[in-house]
Amino acid sequence: MKISIIGTGYVGLVTGACLADLGNTVICADNNKNKITNLKKCIIPIYEPGLEELVKINVRKKRLCFTADIKEAVSKSQIIFIAVGTPSLSNGEADLTGVENVARNIALNMTGYRLIVEKSTVPVETGKWVKHTVSTFVKRNIDFDIASNPEFLREGQAINDFMHPDRIVIGAESKKARELMAALYKPLNAPLVITDIKSAELIKHASNSFLANKISFINAISRICEKVGADVMEVAFGMGMDKRIGPGFLSAGIGYGGSCFPKDVDAFIDIAQKLGCDFDLLKAVREVNESQKNMFLKKIKDMLWIIKDKTIGVLGLSFKPDTDDIRNAPSIDIIRMLQAEGAKIKAYDPSAMEKAAKALDKVKFCKDPYEACKGSDCLLIATEWDEFKELDFTRIKKMLKRPFIIDGRNIYDPAAMKKLGFMYAGIGRRAVTKK
Ligand code: UGA
């Protein structure tokens, strides 16, 4: 099939490369000329395992190309995906300016039937507005359809998630749209959920919010565990064995971050409010997530007492492992909170230091985890990168000024840490060692 993807951000680029790999002819368009110039040279603006190779292979096979000219993209394709950003406005509402612009541009450049697909995460009823916009601007009486096809890709595993999805959600109004979308995804042999556009839009916001809910729930449980001396990892394990609950997204930590959950929870609260259905449950999810960072700060104070003039080593800056993305990363907020109290920060991350350097002032970025430990008063774990799980702790103990580790991702065993001579605190763990 001939496909265009408008917007070469995370979602657009991964979707474009994967659809090309399935044998379609894909044009990825973006109004950022610099980005397109780089993409034409296969320079990828984000770090995603496997994406660069996938782009290179499909460019070489002439199934994937890039353009800054939306007219070219629209005129050459039958299916057009809208994959532009939908950032949060200051009131939490999703900013749909980009979606509206693209809808208008598609309408102005359509030469025949087009299936216009919402891929960006959008509030329910956006499809209605896209249809209204296209109808208003389309030049002649050209037929078109709107569909909603939300994405469920996780950063760091996006290609695998695309190729092996749990389900593919298709919201459409016409038989033709449903058949085109079903045919497009046929090679993946995945379960299809075919529904109306509004239900498809809601599936996306409801899914992300539910996952955020699971995380805040287990974080709230971790606080109770700490009060009574129970262990949140064992509680989560026991809960997760119930098939109705499931084991995923029950890892307690310093809260969720990234470009999706915080933004989508805000947008869902906003749209629910506008529809007259106050979503108090989600407001509580957001509150727990925010206060989780304060709880972590308190843990640091419980160990160090005074923060001012202390040097603190931080391992992990990205919002989760296997990405260089620091958007809404809890680590960045925590570093700023510590700096506001007068701490000096030494930090290390396998891939996010370049981006973090642009967001943070006065941080000493280190060449490896050990340099971050050297002379530090304590060590914090903010992201659960695999390489932090197998460090030389005898070396670390010698390098730290005091053997203090505060693990915001529960990657170490408290008993093993105690045995090694550390004063260790995780999140909601049973054995907090006393010196
Ligand atoms: C999330 C969803 O998982 C995807 O399905 C969705 O497509 C995507 O948002 C999106 O809407 O674009 P992503 O933001 O890449 O994907 O990251 P996740 O792996 O879901 O993690 C989000 C945050 O939750 C991270 O900060 C992670 O550390 C945190 N988390 C996750 C926990 O604190 N505990 C957990 O048990 C799981």
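**Note on the aromatic contacts**

1. F422 counts as buried because its relative accessibility is 3%. Buried means under 20% relative accessible area, with exposed over 50% and partly exposed in between (1.4 Å probe, protein chains only). This is a predicted model, where local features need pLDDT of at least 70, side-chain atom pairs count only at pLDDT 80 or more, and totals for chains, interfaces and linings use all residues. Residues are numbered from 1 along each chain as its sequence is written, and side-chain values use heavy atoms, with hydrogens and water left out.

2. Rings of Phe, Tyr and Trp (its six-membered ring) pair if their centres lie within 6.5 Å; planes under 30 degrees apart are stacked, over 60 edge-to-face, the rest tilted. The count by this rule is 8 aromatic pairs. F393 and Y412 are edge-to-face, because their planes stand at 85 degrees, with ring centres 5.0 Å apart. Both F393 and Y412 are buried.

3. F393 also pairs edge-to-face with F422, at 5.9 Å centre to centre and 80 degrees between the planes. F393 lies in helix α16 and F422 in the loop between α17 and β14 (423–425), so this pair ties together parts 29 residues apart in sequence. Helices (H or I, at least four residues) and strands (E, at least two) are DSSP runs, numbered from the N terminus.

4. Ring pairs join F393, Y412, F422 and Y424 in a cluster.

5. Two arginines sit over rings. A charge qualifies if NZ of Lys or CZ of Arg is within 6 Å of the ring centre and within 35 degrees of the ring normal. R167 has its charged end over the ring of F152, 3.7 Å from the centre. R395 lies over the face of Y370, 3.9 Å from the ring centre.
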